[in-house]
Amino acid sequence: MFDVYPGHFHWSPMRSSWNFVKISLILSLLRLILTNSCTTLIFTLGGYHPVKIGDVYNDRYTIESKLGWGHFSTVWLASDSKVPDDDPHKLVAIKVQKSETHYMEAAMDEIDLLNDARNHANDSPDAERGAHFVVQLLDHFFVHGPHGKHACLVFETMGKNTLSLIKKY
């Protein structure tokens with residue numbers, strides 16, 4: 001940090017060190033918030049639903065691990081107890097939407113869009129060629145929690161996310 005004195009600048013190591021400590025603390029807090037979705041700062045009314053490993057949803061989906069999170073939702077890997085162990089849909093991805101009204105409306109639009117895409121996949125001869133590029137919505141349900149009502153969309157599991165590709169290359 002520089003203090004202005006008549007005719008010259010004066011560097012203060014104490015102030016500079018303190019600013020570095022403050023910046024380090026802020027960065028550490030941001031890192032904690034971004035990597036730990038259980039932070040109470042972001043779990044409020046209208047926000048994320050507090051999902052835990054081992055939770056069972058819709059009497060069939062057991063949460064195995066966290067896959068990721070975004071501005072609208074968190075995404076969890078779950079096993080489906082109603083599907084045989086050798087079925088490719090034994091493991092599913094559950095997207096748990098935030099409960100605020102506009103996030104719920106977006107979830108309902110997504111459900112409608114993906115259902116329409118699935119229902120019309122065979123309407124044209126070319127449809128089958130591209131159908132496998134659209135993620136399949138397997139199920140959806142709603143959960144009521146301490147922060148409101150949340151839409152839960154159940155998808156087939158996919159490959160790596162875009163962020164993992166960016167980090168790799």
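In this tour, contact means heavy atoms within 4.5 Å. The model is predicted: local features need pLDDT of at least 70 and side-chain atom pairs count only at pLDDT 80 or more, while totals for chains, interfaces and linings use all residues. Residues are numbered from 1 along each chain as its sequence is written, and side-chain values use heavy atoms, with hydrogens and water left out.

**The sheet.** Select the strands (DSSP runs of E, at least two residues; helices are runs of H or I, at least four, and both are numbered from the N terminus). Six of them form an open antiparallel sheet in the order 3-4-5-6-8-7, where pairing requires at least two DSSP bridges. Strand 3 (56-57) and strand 7 (137-145) are the edges, each pairing on one side only.

**Helix 2.** Next, select residues 101-119: this helix packs on the sheet and touches strand 6 (91-97), strand 7 and strand 8 (148-156), its direction making about 30° with that of strand 8. Axes are lines fitted to C-alpha atoms, for helices over the stretch in contact, and angles run from 0 to 180 degrees between N-to-C directions.

**Strands 4 and 5.** T62 has S79 in strand 5 as its bridge partner. K66 also belongs to strand 4; its C-alpha atom is separated by 8.9 Å from that of A78, 12 residues apart along the chain.

**D55.** Finally, select D55, in the loop between helix 1 (13-35) and strand 3. Beyond its neighbours within four places in sequence, D55 contacts P50, Y61, T62 and I63.
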